[in-house]
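Please open the structure in the viewer and keep the selection panel at hand. The stops below follow one another in order.

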Amino acid sequence: MVYFQVIAGFVLLLGGAEFLVRGAVAVANRMNISPLVIGMTVIAFGTSAPELMVSLNAALSNSQALALGNVVGSNIANVLLILGTAGLIAPIATTSGALVYDGAVLLAGSILFAGLCWLGEISTWSGLALLAAFFSFLGYSYWRETHGADEAAQFHVKEAEEYMDLPDNAWIGWGVLLAGLGGVLYGAEILVEGGVIIAREAGVSEEVIGLTLIAFGTSLPELAASV
């Protein structure tokens with residue numbers, strides 16, 4: 001039964017994340033927030049909701065190893081599995097200035113994370129430093145993309161437009177958003193619970209389950225979108 005629980009957790013996470021993003025985009029659009037801001041904030045947070053909620057739930061459940069394993073495994077899957085699969089289907093041009101800039105930030109963030117791990121602990125201060133770096137990146141990106149970097153801004157605008165398919169109705173937008181949030185929260189809870197049980201029964205560490213099974217599952221939305 002625990003495997004059905006994990007599968008149900010994945011389904012709720014994936015469906016919930018999709019509903020959450022589309023509902024949040026509809027609400028933001030209803031509030032006349034620009035597509036650029038929606039793409040950089042609402043969609044950026046929403047598409048990472050599975051990883052975020054699973055890791056938060058694992059940390060709150062005293063399964064820090066699973067939380068860290070999920071973060072590492074998801075990023076490995078995003079770069080190697082998802083990019084590799086997409087590259088098999090069609091060539092991907094990487095000469096865009098926007099991609100070079102974001103790729104450099106990705107590399108810098110990975111180096112910062114590795115350095116914090118080298119110290120032996122992701123502490124409260126480490127978490128604050130990572131969050132400060134993330135919001136600084138968002139702020140600088142918004143400033144840069146609203147001051148002439150049309151190519152970079154167009155990526156986020158186009159991404160936002162792909163999620164603007166709900167009727168222009170506030171009740172529908174909020175309903176879909178709340179339904180998606182509920183699905184993500186409950187899906188993360190039962191997925192972490194099932195993952196911990198599987199790790200114990202299989203005699204492997206929670207890091208391994210987080211790096212493999214959980215990380216692959218939480219990366220499915222990005223894999224489907226990229227393919």
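This is a predicted model, in which local features need pLDDT of at least 70 and side-chain atom pairs count only at pLDDT 80 or more, while totals for chains, interfaces and linings use all residues. Residues are numbered from 1 along each chain as its sequence is written, and side-chain values use heavy atoms, with hydrogens and water left out.

First, select Leu191, Gly195, Val196, Ile198, Ala199 and Arg200 in H8, which meet Glu206, Ile209, Leu213 and Ile214 in H9 (contact means heavy atoms within 4.5 Å; helices are DSSP runs of H or I, at least four residues, numbered from the N terminus).

Next, display helix H8 (residues 170-202) and helix H9 (residues 206-218) whole: their axes, lines fitted to C-alpha atoms over the stretch in contact, come within 9 Å and cross at roughly 120°, on a scale from 0 to 180 degrees between N-to-C directions.

Then select Val54, which touches Leu13, Leu66, Asn70, Ala188, Leu191, Val192, Ile214 and Thr218, residues up to four places away in sequence not being counted.

Finally, select Asn62, in the loop between H3 and H4. At 59% relative accessibility, Asn62 counts as exposed.

Key: Helices (H or I, at least four residues) and strands (E, at least two) are DSSP runs, numbered from the N terminus. Buried means under 20% relative accessible area, exposed over 50%, partly exposed in between (1.4 Å probe, protein chains only).
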